[in-house]
Number of protein chains: 2
Amino acid sequence: MSEEATSENSGRRRARGGGGAARRAERTAVKIEAAKYIERNIPNFEILNEEALQIIEANAEAILEEIGVNFLDNPAALERWREAGADIDGERVRIPKGLCRELIKTAPGEYIQHARNPDRNVRVGGNTMVLAPVYGPPFVRDMDGGRRYATIADFQNFVKLAYMSKWLHHSGGTVCEPTDIAVNKRHLDMLYAHMTLSDKPYMGSVTAPERAQDSVAMSEILFGGSVANKTVMTSLININSPMTFDDIMMGAMEVYAKNNQACIVSPFIVGGAMAPVSVAGTLTQALAEGLAGVAYNQLCNPGAPVIMGAFVTSIDMNSGAPTFGTPEASKILYGMGQLVRRLGLPYRSGGGLCASKLPDAQAAYETANTLNAALLGGVNFCLHAAGWLEGGLVSSYEKFVMDADQLGILHSIAEGVDMSENGQALGAIHEVGPGGHYLGCEHTQANFKDAFWRTEVLDYKPYETWAEDGEKDTMTLANARVKKLLGDYQQPAIDPAIDEALLAYIAKRKESEPDAFG
Amino acid sequence: MSEEATSENSGRRRARGGGGAARRAERTAVKIEAAKYIERNIPNFEILNEEALQIIEANAEAILEEIGVNFLDNPAALERWREAGADIDGERVRIPKGLCRELIKTAPGEYIQHARNPDRNVRVGGNTMVLAPVYGPPFVRDMDGGRRYATIADFQNFVKLAYMSKWLHHSGGTVCEPTDIAVNKRHLDMLYAHMTLSDKPYMGSVTAPERAQDSVAMSEILFGGSVANKTVMTSLININSPMTFDDIMMGAMEVYAKNNQACIVSPFIVGGAMAPVSVAGTLTQALAEGLAGVAYNQLCNPGAPVIMGAFVTSIDMNSGAPTFGTPEASKILYGMGQLVRRLGLPYRSGGGLCASKLPDAQAAYETANTLNAALLGGVNFCLHAAGWLEGGLVSSYEKFVMDADQLGILHSIAEGVDMSENGQALGAIHEVGPGGHYLGCEHTQANFKDAFWRTEVLDYKPYETWAEDGEKDTMTLANARVKKLLGDYQQPAIDPAIDEALLAYIAKRKESEPDAFG
């Protein structure tokens, strides 16, 4: 059954507060399976040797000192940097060697992001891996409706799908852009969907400092008070590569850091355009950018939780299009993981990334190449783990459930090999002996239910059965699963008083300014 | 252009001997790009720690001593084992602890398999990875003809596709079963196809000892004399798990070992049926089987080249069907690699394995999961690297070229990270600076042609262009590539005298016995 909803009521849901409606909701709530975040019991794959790491680290420090980074339209940031000991030249910040490393020492090596259901809290950093859905696409696609602009109804559907997906630990952020709502107001509806349709942890808005402030305010309503001592959001702060920090993203980060909320500081790099075409060159620039960004985060609030990230794709030099699942991207993912771990910080990278227009073989090759690298490369926070299509332009319903199914594989590999006496299975080998078979033996009977990862999407039928059943491809099977999950969905209980307070906040904020599009 | 044939005559083909036809063939031969076998410049991923390895090794030795293995219908093998110091009880061979390890010390850590074109020789073992196509399916599938029994025409097509595929280093063996030819004669036509339609190394027949002898005899014709001092075949010897060595496979192995031809000694395990349901238990059994098989190979001819392999799948406990691309299979692949490397032997595993009936997303997820594990797990000889579909029942034309394209990714990752001054690209980072872009900079211009792996199949077009072009999925794109490769194919030159001698040998052998089917 795994992540399917069932009518079974054995998994009692925690309800906040005590209204009658909440109790009724609790009684009828379905059991939703949710896996704990991954805790790796396996080593990381390290592609760079010590000498290479030291060269990249030295080069990154040289870049920060000699070239520096730009903090645009942000005099307060320049002042913070000046006080910290950087050289300020207009909006250019040149950072003496070693200063960033010194500043980031206050950043925690790992942190807990709290969810409204404490069973869904995630630990980010160290040996963990937290999986979150696709972020950012303006379009959605499914088999029934094709490719179209995303709406708030789509957004709600993807929040529901993430909630129903056992292997996703996080509800994410902009699972798609609800383009039917004003740009200056849609963050409110997005947050409300995450807060009420799911009980998993979520991300805050970063598209303007005041929207970050709204995210904090709504979280305080949801969690019943100040969140200054309780990290309840992890939000995505992109660096504009090469080496530029704009005031909008930095303004949002300042709000989150001051409120002790986590940020992912992450360059978004299309290699060959925003960074050198070489792997080592890109790693060097990404490290310099990450150092400056995380150091600035700590300047805003020493000790605030912060993730260093790298989102790097290659470029198709024929068309200029970004490419995914490529060897260059994997090498950068592995190398950046080593560099970030040496800084003692949590690491963000990877995802179910692909360039394909359809959830077809191309999409799956590209996605699997990236997800496997993310697991072995030590990624702690993996955004875009399910649903990403067409270079991030599209959130795909079918690919969402296909990817979410594959994420179960990562959990199992991360467990490593069970070397207990039961795992060694010497008794079974003695019992069966040469020429026998294991299907009926005691060890198999005792272990088969949990021995193997099980898919909820893929097909293992005999050929004849599959042919009689209409020769369904993966997309068709996934389409059926989307419908089953959305049909089985039941909202997790929430205190009606909190719900009302959230709606009141949203209404007040929406009334306070006219709609703005674009 | 990569592996596409061109009319360019710049890549002159070596022709053997000197007939006029050979010279004419040479003049009109097309240039076919062929990558060198992979030489890893990256570490292997090691999932087992030292303690786990020692437990598995001790357990495997205990199995060999206490339970033993069966050598069926093979009195000579029993006599060899008795002389070597094993305990013989009927057909059961119990092998004292340490004896197998002692016997395999004569096996080389790596060897060269020669091709008729010396540029296509492959080194198997150490840091190399040799990629060979799918092996064994009785069916083929393509978009035009659907699923059907394979014929010799299909077989020839797959040999041509492997020859035209830049990233395949090996022509393989039974790329599909030519079911339209008598079982006792088809090996002759298969060998002839590999020998004359390709110039890459190939595998010999293992379905009967006399067919192995035919493989040696035809190879002697092709290579112009005895091959006793020149390994020209690597052939697949399956162990019947659990712990059974039948006389047919062992008989073929005896022929190859005595002729100094390489064998892959490999259990074929569906976990839960032919081995315990646990990873550690399966590794233990597979190691015991591999030790016994390789030791027996060395008993037949100390110093003969031999690969230790593991072909392990999980089982779908609902249907009993084998599954592929699963976490259990990856863990076994990684662990077995460590165990084989500790024995100092070349390692065979992996492939583009999948259970899917179609070359769709399921096939690609499963394939990519396995190919990535094979690269990082230290596989030296990777059979089934392209074209495997439906659990090995089907050779897929479209999947063949899709997989072959992905194999380029493995080559690039294996190179590791270029840490040269050019790779570090500090000059470019200085030149471009904060807020700039790299597309036009000198470093990009000098490097972009070789900077990124390039697909020959996948689509990176803008959405609108792709939509106008018919919204083609990967299978459709691959179908076009199959037709292009087969259309562009030109046979590599061969000395007509050799060709005639091969045909004469085949005719004589075919006349010597009546057709047998089944």
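Mentor: Here is a walk through the contact between the chains, followed by a few residues worth a visit elsewhere. Keep in mind that this is a predicted model.

Start with the interface as a whole. Chain A puts 112 residues in contact with 112 residues of chain B. Between them, about 9100 Å² is buried, and carbon and sulfur atoms give 68% of that area. On the chain A side, the residues that lose the most area to chain B are A:Y365, A:F452 and A:Y460, yet together they make up 9% of what that side buries.

Helix α11 of chain A, residues 361-376, and helix α11 of chain B, residues 361-376, have axes that come within 8 Å and cross at roughly 40°. The crossing of α11(A) and α11(B) is right-handed. From α11(A), the residues that meet the other helix are A:A361, A:A364, A:Y365, A:T367, A:A368, A:N369, A:N372 and A:L376. Facing them from α11(B) are B:A361, B:A364, B:Y365, B:T367, B:A368, B:N369, B:N372 and B:L376. Sorted by class, this contact between α11(A) and α11(B) has ten nonpolar residues, six polar ones and no charged ones.

Pick out B:T367 from that list. B:T367 is part of helix α11 of chain B, and it counts as buried because its relative accessibility is 0%.

Next, the nonpolar packing. In soluble globular proteins, nonpolar side chains tend to be buried together. The largest nonpolar core in this model has 348 residues, and those with the most contacts inside it are A:F71, A:W81, A:I95, B:F71, B:W81 and B:I95. Take A:I95: leaving out residues up to four places away in sequence, it touches A:L64, A:E65, A:V69, A:W81, A:A86, A:C100 and A:A292. A:W81, then, is on the contact list of A:I95 as well as among the core residues with the most contacts.

Now for some backbone geometry. Most residues other than glycine have a negative phi, and most peptide bonds are trans. Against that background, look at the cis peptide bond joining A:S241 and A:P242, with omega about 0°. A:P242 lies in the loop between β10 and β11 of chain A. Chain B has a cis bond between B:S241 and B:P242, again with omega about 0°, and B:P242 lies in the loop between β10 and β11 of chain B. In that loop you also find B:M243, a residue other than glycine with a positive phi of about 55°. B:M243 is buried, because its relative accessible area is 0%. B:E390 has a positive phi of about 55° too; it is found in the loop between β18 and β19 of chain B and is buried, with a relative accessible area of 5%.

Finish at A:S226, in the loop between α7 and β10 of chain A. A:S226 counts as exposed because its relative accessibility is 55%.

Definitions and conventions. Residues are numbered from 1 along each chain as its sequence is written. Chains are lettered from A and ligands numbered from 1 in the order in which they are written. This is a predicted model: local features need pLDDT of at least 70, side-chain atom pairs count only at pLDDT 80 or more; totals for chains, interfaces and linings use all residues. Side-chain values use heavy atoms; hydrogens and water are left out. Axes are lines fitted to C-alpha atoms, for helices over the stretch in contact, and angles run from 0 to 180 degrees between N-to-C directions. Helices (H or I, at least four residues) and strands (E, at least two) are DSSP runs, numbered from the N terminus. A crossing is left-handed if the near helix is turned anticlockwise from the far one by less than a right angle, and right-handed if clockwise. Contact means heavy atoms within 4.5 Å. Ala, Val, Leu, Ile, Met, Phe, Trp, Tyr, Cys and Pro count as nonpolar, Asp, Glu, Lys and Arg as charged, and the others, Gly among them, as polar. A nonpolar core is a set of buried Ala, Val, Leu, Ile, Met, Phe, Trp, Tyr and Cys residues joined through side-chain atoms within 4.5 Å. Buried means under 20% relative accessible area, exposed over 50%, partly exposed in between (1.4 Å probe, protein chains only). Buried area is the accessible area (1.4 Å probe) that two parts lose on being put together, summed over both.
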